[in-house]
Amino acid sequence: MNQATPILEVRDLSVQHTVAGGTSHEHLEAVRQLSLSVAAGEIIAVVGESGCGKSSLARAMVGLLPASSGEIYFRGAAVSGMDARARKDWRRDTQLLFQDPHSALSPRRRIVQSLAEPLEMLGVKADGEQQQRILSAIAEVNLPIDILQRYPHQLSGGQKQRIALARALLCQPRLIIADEPLSALDVSEQARLLSLFIELRKEKQIAFVLIAHDLAVVQQLADRVAVMYLGRLIELAPADSFFQSAAHPYSQALLQASQSNWHNTPANEPVLTGEPPSALTPPSGCVFHTRCAQVMDLCNRVVPEQQVLNQSETARGLHQVQCHLYSSQ
Amino acid sequence: MNPQPAHNFPAKPTVLSLRQLHLTMPVAGQVRDLIKGIDLDLRAGEMVGLVGESGCGKSLTGNALLGLLPSPLASVHSQVFVLGDKQDLAAADEKAWRKLRGRHLAMIFQEPQTALDPVFTIGQQMVRVIRRHVPGNRQHALDLATASLADCGLGDTARILASYPHQLSGGMRQRAMIAMALSCKPEVLIADEPTSALDISSRDQILTLLRQAADRHNTAILLISHDLAAVARVCDRALVMYSGRVLESGPTARVLNQPQHPYTAALMQATPRISKSRPLAVQPIQGRVEALHLTLPGCAYAARCPRATELCSQRIPELKVSNGNGRAVACHHPLPGAVS
Amino acid sequence: MTASLTMFAQLSLKPNSQTDSHSVARQVVSSRSGLAGLLLIVLFGLLWAAVALGILGQDWAQASGGRWEPASPEHWWGTNVLGQDIFQRSIYSVKVAFEIGMLVTISSGLLGALAGVAAGWHKNSALDQAIVLVMGILDSIPFYLFVAAVTFALSGNAFAMQLAMVACFWTTTARLVRAEVLRLRDQEFVQSAVLLGLPIWRVLARHVLPNTTHVLLAQSAIVFAAAIKAEVILSFLGLGVQNGVSWGLMLAESTQEVLASQFNNFWAASLPLFALLLGFNLLADALQSALDPRQLPA
C-alpha cells in the first residue's frame with residue numbers, strides 16, 4: 001500500500017477566506033501549509049473543533065474552494081496543471097458527502113431524479129442502464145426501492161444521508177470525502193451508516209477522508225487520525241497509536257473530553273477550558289499555547305516543527321506531531 | 001423504589017414529581033395518545049437523563065413539564081407536584097405557569113441562538129428575567145446576573161453582559177443561556193439536548209457546568225438527550241423512553257452498563273465507545289421507530305426486538321421495580337442485567 | 001431481483017412531471033378558495049378570448065343610444081354621456097386589463113428573475129453591484145413622476161405606460177429572487193450539482209430557479225394586480241390608455257357622473273376590476289401552497 005501512488009495528496013496546502021470587516025477586507029487562513037496523503041482504500045479521519053479549518057480542507061480537496069498556495073495531487077498529477085479531461089476524472093473519482101442531509105437533496109426533485117443526474121453527467125443515458133445502476137446503488141445503501149419516487153421531505157435524516165451516499169456511489173468513486181456525515185443523525189442511524197462505510201471500504205476499496213469531531217466514531221472507522229487546530233495539522237498518527245498514546249496535549253485533551261465515564265462516578269472538571277482563539281489573529285508560535293496545560297517559554301515564540309515519533313515505520317505510516325515537548329527526541 | 005445506601009441521594013427532598021403524564025394531540029384529524037403515562041421524580045441536586053431516539057416523545061415530556069405546548073391542540077393529563085404543591089397540568093392557566101417558569105422551573109434548549117432574543121444584550125435579557133421573579137432594584141438584578149455568569153465560568157462578565165447573542169460563540173451562548181436559567185436559583189432545570197449543537201470541548205464544559213449546578217445549588221436537572229455518552233458522564237439516574245413510554249429506569253451506570261431492557265442494550269451496542277485497544281464494532285438496531293401516535297396492543301419495541309414472543313405483541317408490559325437497586329424495567333422478557 | 005425490477009419498471013425512471021403538475025392542479029381545485037379563484041380567472045379568460053376573437057364588446061366605441069340611458073334589454077348596463085354602451089365598454093376593458101397585466105407581469109418577472117439570479121449567483125461581483133445600484137436608483141424615483149416622464153419622453157408611443165411599469169416593477173422581483181438565490185447558492189444540493197460538473201446554466205435552471213417559483217409566483221400575482229391598478233390610476237390621470245377604453249378611463253368619466261347620480265360607469269368598471277383581482281389573489285395563494293414541496297402528497 002505504501003509503494004503505490006496515493007489517490008489524493010495535498011502538499012503545503014493553504015486556503016484563505018476573505019472576511020468583509022467594516023471597510024477593509026481581512027484574510028482568514030482557514031488551512032495553513034497542510035500536507036496529507038490518502039492511499040487507496042484508506043480511511044483518514046480529520047478531527048478538530050469547529051473553526052479549525054477541517055471543512056475548508058474538505059472543500060479544497062474536491063475543488064469547491066481554491067487553494068491560495070500549495071498543490072493538490074490526484075493520482076500523482078498536480079490538479080492545477082490538469083486538462084479538462086483529467087479534471088473530470090478527478091471530479092468523478094472524488095466525491096463529497098455533506099453534513100446536513102436535509103439540504104443535500106433538491107427539495108423539488110424526486111429521489112430518482114437526484115440519482116439520475118450524476119449518471120447523465122457520466123454519459124449513462126440509456127434508461128435500462130440507468131435503472132440498473134440506480135437499483136444497485138439503492139441496494140448498496142440498504143434502502144427499499146419505493147423510496148425512489150418520494151421527495152426528500154418524506155425521508156428521515158438517515159435515509160437522506162444514505163441517498164446522498166448512493167448518489168456519490170453512482171460515480172464509482174475511489175475516494176469519498178465526508179464532512180461530518182454522522183453528526184446530525186440519531187444513534188441507530190449513525191450505527192447503520194458506520195457499518196455501511198466499513199462495508200464499502202472492504203468490498204470496493206473506496207478510500208475515505210472522514211471529517212469528524214466525535215472521536216468514538218473515528219475509532220470505529222479510521223486507519224489514521226489527523227488532528228487540526230486553527231488551520232494547522234498538529235498531529236497525524238495511525239489510529240491504534242493515536243488512541244493508545246496521543247502525543248499532542250491538544251489531542252490528549254480531545255480524547256479525554258470524549259471519553260465518557262461509563263463506569264465511574266461523574267467527572268467534575270472540564271478537560272479543555274476556554275475556546276480556540278480567532279483564526280483572524282492566530283497566536284504566535286505554537287497556535288495551541290494559549291490553552292495548553294504544558295506550555296513552556298518557547299511555545300509562544302517558535303512554531304514547532306514536525307517531529308516523527310516512532311522511527312520505525314509501521315504498516316500504517318508514521319506518528320507525527322508538531323509540539324515542542326517532543327523536540328528533544 | 002427504596003433509596004439504596006449505595007447511591008449518593010438518600011435523603012434529598014423530591015422537588016418535582018410527575019404522576020401518569022398523558023399527552024394527546026390531534027394527528028390527521030384523530031385525537032391520539034402521544035405520551036402514554038409517565039412517572040418521574042426529580043430530587044434536589046439530582047441529575048436525571050431522559051434518553052431515546054428522536055420521535056420517542058422525550059422533548060414533548062420536557063415541554064409538558066413547563067406548559068410549553070400548544071394549549072388548544074395538546075391536552076395533558078397528569079398530576080404534578082412542584083415543591084410539594086399540587087399543580088394540575090391540565091388546568092393550569094398561562095398566569096400560573098408564568099409564576100412557576102423562571103422562578104422554580106427553568107429550561108434550556110439545543111440552539112441558544114434561537115432561544116435568545118437577538119435585539120437585546122445578554123445583560124438586558126437577564127435583568128428582565130431576574131426582576132420579574134426577584135424583588136429588588138435594577139442594580140441588585142445586575143449583581144445577581146454577574147454572579148450567575150461568573151458561576152457559569154464566563155470570566156469577563158462585564159463584556160458578556162454588554163454583548164448581543166450573535167457576538168458570542170456557540171459554547172458561550174449556551175453558557176449565557178444556562179446562567180440566565182440559573183440566575184433565579186430555580187429548583188428544577190430542564191435541559192433539552194443542550195450539547196447536541198456543540199463541539200466536544202464545549203460539550204464537555206457544558207456538561208460539567210450542569211453537574212456543578214446540581215452539586216452546588218442543589219438544582220434538580222432533567223437532561224433530555226439522545227447522547228448516551230453525555231448522560232453516562234453526568235447523570236445519577238437514567239430513564240430510557242420509547243414511543244411515549246418509559247422502558248427502563250435506574251442508576252445511570254447500571255442501566256447503561258447492565259441493561260435489562262433489550263432496547264437499552266441495543267442502544268448501547270449502537271453507540272460507539274472509545275477504548276485504548278480496538279473497540280467493539282457498533283451494531284445498528286434493526287427496523288425503524290414507529291410513529292409516536294400509533295397505539296399498539298403490545299410492546300412498541302416488539303417488532304424490532306430479538307427477544308420478542310407472541311406475548312409481547314399482545315400485552316403491554318408494565319414498568320416494574322426489578323431487583324431492589326432502584327431499577328425498574330417494562331419488559332416481558334428482561335435481560336438478567338448483570339452482563340457488562 | 002427480477003421481482004424488484006418489474007416493480008421498478010412500473011415506477012418509471014423518467015422525471016414524471018406530468019403527475020406532478022396533475023397533483024398540483026388537483027390540490028388547487030380541492031381547496032375551495034383556489035377553485036373559486038380559478039373559476040373567476042377562467043371566466044375572465046373566456047371573456048378576453050371572446051373579445052380578442054371579435055365575438056363580444058366590439059361596439060364599445062359606437063354611440064348606439066342616447067345620453068345616460070338606464071339599463072335596458074338593449075343596453076345591459078345603460079349608456080354613458082356620449083351614448084356608448086357601458087356593458088360593451090366594460091367587457092372590452094377586460095382585454096385591455098388582461099393584456100397590460102400579462103405584458104407587465106411576464107416582462108418584469110423575466111427581467112427580475114434574470115437580474116436576480118445573475119446578481120445572487122455572482123454575489124459581490126461588479127455585475128451584482130451594478131444591478132443593485134440600478135435597482136436602488138429606480139426605486140428612489142417616485143412611481144407616478146417616473147411614468148409621467150417616460151410617457152412624455154415617448155409621447156405618442158402606445159407602450160409608454162407598460163414600459164414605465166416594467167421598469168418600476170422588476171426591481172422588487174429581482175431583490176426577492178436575489179435573496180433567495182443567495183440562500184440557495186450555499187445549499188449543499190446546489191454545491192453537489194456544481195461538483196458534478198453540470199454547466200452553470202443547468203444548475204441554475206434545474207436546482208436554483210425551481211426553488212424560487214414560490215417567490216416568483218406570489219410576486220407575479222402582486223405585480224399583475226399592481227399593473228391593473230396602476231393602469232386605472234394612470235388612465236384616470238390621462239397618462240395611461242390613450243386611444244381606447246379601460247376601466248381606468250371609465251372610472252375617470254364616472255367621477256363627474258356620480259355627482260349627477262349616474263353610477264353605471266362606476267360600477268361597470270370597479271366590480272369586474274375587483275372580481276379579477278380577487279380571483280388572482282385566491283389562485284395565487286392556492287398555487288403557492290400547492291407548489292410548496294413540503295405539501296406535496298406523501
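1. In chain A, Leu96(A) stands opposite Ile177(A), a residue of strand E7(A). The partner strand is E6(A), and E6(A) and E7(A) (residues 175–179) are joined in the parallel sense over 4 bridges. Strands here are DSSP runs of E with at least two residues, helices are runs of H or I with at least four, and both are numbered from the N terminus. Two strands count as paired if DSSP finds at least two bridges between them.

2. This is a predicted model, in which local features need pLDDT of at least 70 and side-chain atom pairs count only at pLDDT 80 or more, while totals for chains, interfaces and linings use all residues. Residues are numbered from 1 along each chain as its sequence is written, and chains are lettered from A and ligands numbered from 1 in the order in which they are written.

3. The pair E6(A) and E7(A) belongs to an open sheet of 8 strands in chain A, ordered E6-E7-E8-E3-E9-E10-E12-E11, with mixed pairing. Its edge strands are E6 (94–97) and E11 (306–308) of chain A, each of which pairs on one side only. On average, neighbouring strands are turned by 20 degrees against each other, direction ignored.

4. In chain B, strand E6 (residues 105–108) runs parallel to strand E7 (residues 188–192), and 4 bridges join them.

5. In chain C, helices H4 (residues 86–121) and H7 (residues 160–185) pack at about 40 degrees, with axes 6 Å apart. Axes are lines fitted to C-alpha atoms over the stretch in contact, and angles run from 0 to 180 degrees between N-to-C directions. The crossing of H4(C) and H7(C) is right-handed (the near helix is turned clockwise from the far one by less than a right angle).

6. Which two chains share the most contacts? Of the 2 pairs of chains in contact, A and B do. A contact requires C-beta atoms, placed from the backbone, within 7 Å. Chains B and C have no contact, and their closest C-alpha atoms lie 13 Å apart.
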